[in-house]
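The following exercises concern a single protein chain. Please work through each task with the structure at hand before reading its solution.

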Amino acid sequence: MAELQVKSNLVPMSFLAPDHVRLHDARRSPAAADICRGVARLLRAHGMATLAEVSLANGRRADLVAITGGGEIWIAEIKSSIEDFRADGKWPEYREFCDRLFFAVAPAFPHEILPAGTGLIVADRYGGEVVREAPEHRLAGARRKAMTLRLLQTAALRLQAVIDPEGGFREPLNT
């Protein structure tokens, strides 16, 4: 049996540097992108993994989904302005896909207009703070498994698209 030759021209993992990731959603304002970045940093600092713009089985798209090491799933609905909040009534439809639902806003956003039955994260591009804990609504086992698989597939396909941009990799279908 022939021995395999080890090639020395391996690509370093630095090819995954943030400036190479093209996941920006053109519909997202710069203010919303800053809030998303800050929330992701906050949640990562607390041991969670996050994904932005995750398609849900009901056809909606969650702004930011996080998963704890224990499998708890959080959704953060980002609101960059009062107009954004007032124009978007879809947020109750996210609750059935997470254990905790938060609104994430910039520091100057008026907190009093946000629904009391949700958590509140205040963030800028550098980080954030949980100002109000979200009530827990435990997912059923089957829904948790489906959401965990969706997060895994979405993350893996996005990583594969970075590694092979011409490979035709797409996000998971709604199932």
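## Exercise 1: Helix α1

Task. Identify which residues of α1 are buried, and state what they pack against.

Solution. Step 1: in α1, the buried residues are Ala32, Ile35, Cys36, Gly38, Val39, Ala40, Leu42 and Leu43. Buried means under 20% relative accessible area, exposed over 50%, and partly exposed in between, with a 1.4 Å probe and protein chains only. Helices (H or I, at least four residues) and strands (E, at least two) are DSSP runs numbered from the N terminus.

Step 1: these buried residues pack against β1, β2 (61-67), β3 (73-79), β4 (100-105), β5 (119-124) and β6 (127-132); contact means heavy atoms within 4.5 Å.

Step 2: the length of α1 (residues 30-45) can be checked, since its 16 residues at 1.5 Å a residue should span 22 Å, and the end C-alpha atoms, 23 Å apart, agree with this. The expected span is 1.5 Å times one less than the number of residues.

Step 3: after α1 comes Gly47, with a positive phi near 85°.

The model is predicted: local features need pLDDT of at least 70 and side-chain atom pairs count only at pLDDT 80 or more, whereas totals for chains, interfaces and linings use all residues. Residues are numbered from 1 along each chain as its sequence is written, and side-chain values use heavy atoms, leaving out hydrogens and water.

## Exercise 2: The sheet

Task. Determine the strand order and describe how the helices lie on the sheet.

Solution. Step 1: six strands form an open sheet of mixed pairing, ordered β1-β2-β3-β4-β5-β6. Its edge strands, each pairing on one side only, are β1 and β6. Two strands pair if DSSP finds at least two bridges between them.

Step 1: β5 and β6 are antiparallel, joined over five bridges.

Step 2: α1 lies across β1, β2, β3, β4, β5 and β6, at about 110° to β5. Helix α3 (residues 141-163) also packs on the sheet, touching β1, β2 and β3, and its direction makes about 95° with that of β1. Axes are lines fitted to C-alpha atoms, for helices over the stretch in contact, and angles run from 0 to 180 degrees between N-to-C directions.
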